[in-house]
Amino acid sequence: MSGADIELKDVRKAYYKDRLEIPVLDGLDLAIRSGEFVVLMGPSGSGKSTLLHLVGGLDSPTGGSVRVGEARLENMNERELTAWRSRHVGFIFQMYHLVPVLTAAQNVELPLLLYRMSSGERRQRVTTALDVVGLSDRMHHRPNQLSGGQEQRVAIARAIVTDPDVILADEPTGDLDARTSEEILNLMNLLNSEFKKTILMVTHDPKAAQHGERIVHLDKGVLHREELTAARAGARA
Amino acid sequence: MILPLSYNWRNLFVRKLSTGLTFIVVAVIVLVLAVLLSFAAGIRASLVATGSPLNLIVLKPGATAESTSILQPEEIARVVQTPGVARQADGALMISSEVAVQSAIPRLGQRDRPANVAIRGVDVLAYAVHDNVRLVEGRWPDAGKMEVAVGRAAQKRFAGLRLNESIALGRLGNRDYTVVGVFEADGGALESEVWGPRPQIQDSFERDVVSSVVVRLGGPADVEPAVAYIRSAAVQLDAKPETEYYRELTAKTTEIVMLTSVLIGIMAVGAAFAVANTMYAAVDGRRREIAMLRTIGFSRGAVVLSFVIESVLICTLACVFGLTASVGFNGMRQDFLSDTTWTVLAYELRLTPGIVAWAFALSVVVGVAGAAAPALRAARLRVIDALRKA
């Protein structure tokens, strides 16, 4: 499955604390092409993670519309969003969020349990996903037997095993050293270039941001500015 | 779709202490439940197996048991007129006059703890009237001799009741009787008794009247008219089928079981809280996991079910452990003092399939009840908050 395009129109999101409205996103417009690798940057509280959650169907906007491929997320209820996520989105978290009592292969297999497929087919897809991230020789290891980088690779395998349209990554290298971060980011580039996945990644690291094609800077809940990365700009030139 | 069982199984070992304590609490409750119900099943089996539906036991009106009943010779004479009484080959009416008394006999291995054992004085006719009583060793006591036959259950539970051993009976405990026979009665209450010739027993216990009369009827259709006749003004005594008489003696057991069941119920509520405590800890320790599972598409229902399965898994494993421990009590010989007859009934604890089913049902209920609130908390977890706080 190739990537899906993403369109956000006049998206607003506010939280309430003691009846006080706290706006997080304030009329944001953003369009992402199918197969594009977009990086979200901005100071803390600028709305990056909230935007990621809205695109991933983990939260609903207070106003405006969020479309991912054919799906209009603002019209979906929680049950529909849960089912949609399992089919169309792969998530990568900063802290990996692997289940410590399961092996790498079992962690990768988790999203496939929501699909109707034979155990043989599941096993095949798990092996392929772990091959892609270069960890087929660690499939029977538990998370505590893996390094941080390896854990994140397993998390990436879990994110791609269902062949989703969109991969959402929230600071995927935030807990890794520079060399391992580079390996993970190269892997994400591979998913984007080889498998044509649409990727939306949040990061604070300007060096990591250069792995994307376009950087979107948010500030106070609005799109502050956009820029093409050096690699993309170089490719255009 | 549910999460794999291996996920629940391995999570049981993450919090070994709290899981272990919960396991022990549930296992102990199951053990207590199984032993209690085995006790009740053993007593019921003994009493229900006693008597024949064709035998009527005739007592003094108002008497609740043979031990509190006194029948005068003229009253017994009136019973002879009862319609439908069976006859022996020689034409003799099958009516057995019996005297029921008690004597303190030491328990096997516990000589300092004597029990009140039922002693029954009978005539030879009684061996035919009580058709489920069979001699299995030795012979029946000879009329006119200081001899007794003992029930199999009494022999296994009390001291000095082996063949050819001598036992001191009587009001003053100073009459020596020799054990000449052993009988069985399909595991019923009569097997807990010692039988001797009626005149000798009456003399030894200074009783010049009998306690009861057992009337053997020709067929089931004779029961109702015979009972009506004995209760009528013509006889003025009470009569009921033997089976009914012994069933009524189980009433006390039912009371004990009910009272103890209330205690087990209270313990089960405590166990449910212990399970809840463990599961709350599990939910709190796995907030990130739950949030991740919800993020990748597992529904709230799948999360609830997963925690319930985990809880039920702990409880059913504990149930298996508790039941295994209770097997050690299965077949154990005990005796039970009836507050109606003031004699003991020797019985064996019986672990029946029904008890196993009850134990599993209790453990599943405790598991589900204990997991309900923590599982709902897990399902209500706000995914975004849990991911952020991670």
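Guide: pLDDT is the predictor's confidence in each residue, from 0 to 100. This model is predicted: local features need pLDDT of at least 70 and side-chain atom pairs count only at pLDDT 80 or more, while totals for chains, interfaces and linings use all residues. Residues are numbered from 1 along each chain as its sequence is written, and chains are lettered from A and ligands numbered from 1 in the order in which they are written.

Visitor: What is the mean pLDDT of chain B?

Guide: In chain B, 95% of the residues reach 70 or more. The mean is 88.

Visitor: Which are the edge strands of the sheet in chain A?

Guide: Helices (H or I, at least four residues) and strands (E, at least two) are DSSP runs, numbered from the N terminus, and two strands pair if DSSP finds at least two bridges between them. In chain A, six strands form an open sheet with mixed pairing, in the order E6-E7-E8-E3-E9-E10. An edge strand pairs on one side only. The two are E6 (89–92) and E10 (222–228) of chain A.

Visitor: Which residue of E7(A) is the bridge partner of Gly90(A)?

Guide: E6(A) and E7(A), residues 166–170, run parallel and are joined by four bridges. Gly90(A) is partnered in E7(A) by Ile167(A).

Visitor: How many Å apart are the end C-alpha atoms of H12(B)?

Guide: The expected span of a helix is 1.5 Å times one less than its number of residues. H12(B), residues 353–380, has 28 residues, so it should span 40 Å. The model agrees, with its end C-alpha atoms apart by 40 Å.
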